[in-house]
Amino acid sequence: MRKKREDYVFGLDIGTRSIVGTLGYRVGTDRFVVVAQVSIEHKTRAVIDGQIHDIPTVTKTIAEVKARLESMTGETLLDVSIAAAGRVLKTKTIYAEYEMPSETRVTKEHIFSLDNIAVEKAYDEVRKEADHKDKRFYCVGYSPVRYYLNGYPMEMIEQHMASSIGVEMITTFLPDEVVEGLYSAVEDAGLRVASLTLEPIAAINLAIPDRFRLLNIALVDVGAGTSDISIVKDGSIIAFGMIPLAGDEITEAIAKKFLVDFETAEEIKKTTAKNKSSSFKNIMGESYRLKSDEVMEVVNEAIEMIVDQVAGKVMELNGGKSVSAVFVVGGGGKMPGFTAKMAEKLELPENRVAIRGAEVLQQIDFSATGIKKDSTLVTPIGICMEYYEQKSNFIHVRVNEERVKIYDNGKATVLDACIHAGFSQESLFPSRGESLSYTVNGRKREVKGRTGEAAEVHMNGKETNLNELIKDEDEISIRPATKGEDASLTIGRVPEFKKELSFTLFGRRVTCPKRAEVNGELRSAEYELHDGDEVTVHDFYSVAQLLEFMGMEQEERVLVDGEEVDARTKLKEGAKVERLPEEKPEVKPVVENVLSDLSDLTTPSGQDPLLAPVRPLPAWANDLPISNPAVRPYQAAPQATAPYAAPVMPAPSPIPPVSGFSTPPVSTAPPVFGGMSGSSSARERSIEVKVNGKKVKLLSKANHMFVDVFDVYPFDLTKAGGNRMVCRVNGMEVRDFTKPVFENDEIDLYWEK
């Protein structure tokens, strides 16, 4: 029964020595039917070590393979599956971890995000190692080696509760020039790439099915230009590798020894592997007929070199130890003695290193005739089978107006496109700002930074997310995620600092913040902590510190809870601070004071007492019954009321006359104070001052002091509003609250931060 054209898969194995085209279709899920196969060798060295060098020549060969298959089947071939050689493959094994905000059940989305974090991390390393900064690579495949749940290895982590998940991932990358070279050669031949895979992936998926991957097995694909290595273990592919040595090294050894061209040497190599002898002419025209033993003597050195490097690479990829078995595919591995030498190098029994051919093609049927099942078919057929597994291709999308080419394996997402467009992980996923570490009284503390905003993503004009699948020509716009603010903390927000201390100071209840030192230096509540700061919060004040904080004059000794102490004494919460009782000075009788001071008023000899200027009264005499207007203006300022009450004085006796002068009469009228009546209440009056620029009227009294301001101005003394209370009168600091104040004085009163 003839199949419909859309059921066919056309695969091309573009090798160093030949191009093999295979056409077939899948039956069910595990069988493949080969309808036709064509192999054409390069006439020149257009492909070297798996890398296309001569694109036009390779294009012609591809077109010839395509034409022959179309002629054989009557089909028109438009799409093709291809594979890139491991010669230019970059492989990275990466561990990535994702921390959950809290204990969370793991979903497919979590695993998907974890895989992408690993791929992006591997991508960063590949870009750092690139020879040129503008050199670009494409991730063409990745395979989880092992998952981890809270740090422990797990086969399956989905649906488990976890605080963190991790993955060890093997990722593979191809440089842009390799992909472009393959695409150019195929498209110039009139074909469109339907899928792209790697030759080692195509080979291992056919040669070592999933059921064998619990074993530690190496697959060595010895082609013409490269030897590709894949290793499986514990159910997963754990490594890919390559060495640039293969069958061409054997061919070159024959050419150099017998002076023949490369094509003749290649024919000698093939004939020797099949027959006992080989006949040829060298470039000098000399004829030779060599036995296979003679040829093997020449090629043994080259085989030894290849085997030695392949075995070394196998052990390197397998963690420094040998594998349990080795499967060999490809034409280069068919040289006599290759498998035996490999077993010897890896210290394996000879039967543990075997060429895989017909036994791995049990599920492959051939409707075409003349095709021999052997190891050379593994990679060409594997390329066709890989189409069904991946259905991959390169698609083009636009990310923020920039055209991006991305390898699509049917699972390509917005995230993949953004990574290929050059977005870093920090720009795609919100991150926390820097943490702040500090100590408080020797105990370590940490404040975490804030989480940034998530990326804002739109595709084709609609809001979407990073996990949305993409297709060819999608338009993506993204506003990058942000990093959160770094952690910040002031002293005032430290829990130990928030509790305040209360004291009773000179009869008033006051509340003060705790004192904090940072790295040995006193700091205010507004001080911004830095990483590594050492904070000490004191739960006491000394007497001197309390007086300084309240802006009061220092006192050497005070009473604390009734006990006399010095200014260095530490005050506990609730302590009561009082001044020491003042000792009253001895007071002379007023009459005696008056008479002694009045003696200073006598006029010097030789002057007319009536013409002499009136001398000002001493300060203490302000309250004496003197109403002479000529004397009163000389007072510098009103003085505080004497601390004692002046007795009522009798009318003074006449002062004896001084020789040569007459004495003016002394009035006998009742005493008058300040030009007013003798009543003390008559001397009380209110004055107006400015407090912080605002006019305030002080209550009526004879003499006003700074402390009176607190009776009329709203200023809370019971709770500290800063580090220090500032008190000034007319710009001068106030150290004593009993300082006199007068009409129109300008007062500054506030808490200094």
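In the predicted model, Val-326 is in contact, once its neighbours within four places in sequence are left aside, with Ala-218, Val-220, Leu-346, Leu-348, Arg-352, Val-353 and Ala-354. Val-326 also belongs to the largest nonpolar core, which holds 107 residues, and is listed together with Leu-12, Ile-14, Val-58, Ile-62, Val-314 and Ile-381 as touching the most other members. Helix α7, spanning residues 292-317, supplies the largest share of this core, namely 12 residues. Apart from this core lies another one, made up of 39 residues, including Leu-547, Met-550, Val-560 and Phe-737. In soluble globular proteins, nonpolar side chains tend to be buried together.

The crossing of the two helices, α7 and α8, is right-handed. On the α7 side, the residues that take part are Asn-300, Ile-303, Glu-304, Ile-306, Val-307, Asp-308, Val-310 and Ala-311, and these meet Phe-338, Lys-341, Met-342 and Lys-345 in α8. Sorted by class, the contact of α7 with α8 comprises seven nonpolar, one polar and four charged residues.

Elsewhere in the chain, Thr-104 lies in strand β7, which covers residues 90-105. Leaving aside neighbours within four places in sequence, Thr-104 is in contact with His-110, His-160, Met-161 and Ala-162. Of these residues, His-160 is 56 residues apart from Thr-104 along the chain, yet the C-alpha atoms of Thr-104 and His-160 are separated by 8.1 Å.

Methods. Residues numbered from 1 in each chain as written. Predicted model: local features only at pLDDT ≥ 70, side-chain atom pairs only at ≥ 80, totals over all residues. Heavy atoms only, no water. Core = buried A, V, L, I, M, F, W, Y, C linked by side-chain atoms within 4.5 Å. Buried < 20%, exposed > 50% of the residue type's maximum accessible area, 1.4 Å probe, protein only. Helix = DSSP H or I, 4+ residues; strand = E, 2+ residues; numbered from the N terminus. Contact = heavy atoms within 4.5 Å. Left-handed = near helix turned anticlockwise from the far one by under 90°. Nonpolar A, V, L, I, M, F, W, Y, C, P; charged D, E, K, R; others polar.
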